Amino acid sequence: IKINFSYRIKNTWLLMMSEFFVATYNFNKSGTNERNASITLKSRSLATVLTQAFDYDLPSELLIAPENYYINFYRFIASAKKSIDIYQTGLSDEHTCDIISVLSERVKIRVITARNVFGETAMDTATKCCIKRLTGSKNIELRFLNEPFYVHAKIVLNDSNDLDARILLGSSNFAKESFFQSREVGLIFTKFEISQEMQTIFNQD
């Protein structure tokens with residue numbers, strides 16, 4: 001789908017003249033020896049919807065689930081150079097835990113979460129698998145915090161000692177239900193003073 005790129009580059013949103021091109025073929029030589037079809041349309045309403053979808057697929061400092069939270073969360077943690085500190089309540093998405101485990105091969109990772117309020121035996125199978133995966137990685141420090149506070153925060157600190165330290169403050173658990181079935185919101189920002197204060201609290205916990 002091509003959505004009037006000349007207007008987008010100029011940052012002009014005059015959608016009355018917007019056109020978009022829909023085709024069944026790929027942009028390569030295979031299109032010359034295959035039976036395909038395409039159409040060019042002008043529609044202000046459809047162009048608006050498609051433009052919004054395009055924007056959600058771009059790297060963003062604003063994370064919205066289910067639209068773009070998942071992919072931009074991964075872009076964020078993958079950008080860490082030295083360390084990742086995580087406050088998280090829900091740890092049940094095994095794919096997320098696998099990614100964190102892989103990242104631990106090159107950066108130091110610390111995770112603070114809450115042991116199930118009903119006891120560890122009441123944890124669901126997915127959560128147990130995630131915790132086992134994380135504790136099995138030598139460069140990951142996993143801590144449980146129930147007293148004096150129950151961990152409800154969802155915060156990720158990237159490279160907290162650097163001047164350009166980045167913070168993700170959001171509402172999403174590391175769970176498929178949060179990433180894909182809930183309306184969640186997160187914000188990525190850079191503020192060294194806040195990062196230092198958060199690291200102090202993190203170290204105390």
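Residues are numbered from 1 along each chain as its sequence is written, and side-chain values use heavy atoms, leaving out hydrogens and water. Because the model is predicted, local features need pLDDT of at least 70 and side-chain atom pairs count only at pLDDT 80 or more, while totals for chains, interfaces and linings use all residues.

**View 1. Strand 10 and its partners, strands 4 and 9**. Strands here are DSSP runs of E with at least two residues, and helices are runs of H or I with at least four, both numbered from the N terminus. Two strands pair if DSSP finds at least two bridges between them. Strand 10 (residues 184–190) runs antiparallel to strand 4 (residues 62–65), with four bridges joining them. Look for I64 opposite V185. Five bridges link strand 10 to strand 9 (residues 166–170), again antiparallel, and here L169 has L187 as its bridge partner.

**View 2. The two faces of helix 5**. In helix 5 (residues 125–135), T127, C130, I131 and L134 are buried (under 20% relative accessible area; exposed is over 50%, partly exposed in between, with a 1.4 Å probe and protein chains only). These buried residues fall within an arc of 95° seen down the axis, so they line one face of the helix (the arc is that of the directions from the helix axis to the C-beta atoms). On the face turned away from them sit the exposed residues T125 and K132.

**View 3. What the buried side of helix 5 packs against**. The buried residues of helix 5 pack against helix 4 (94–103) and strand 7 (140–144), where contact means heavy atoms within 4.5 Å. C130 has 0% relative accessibility, and C97 is also buried, at 0%.
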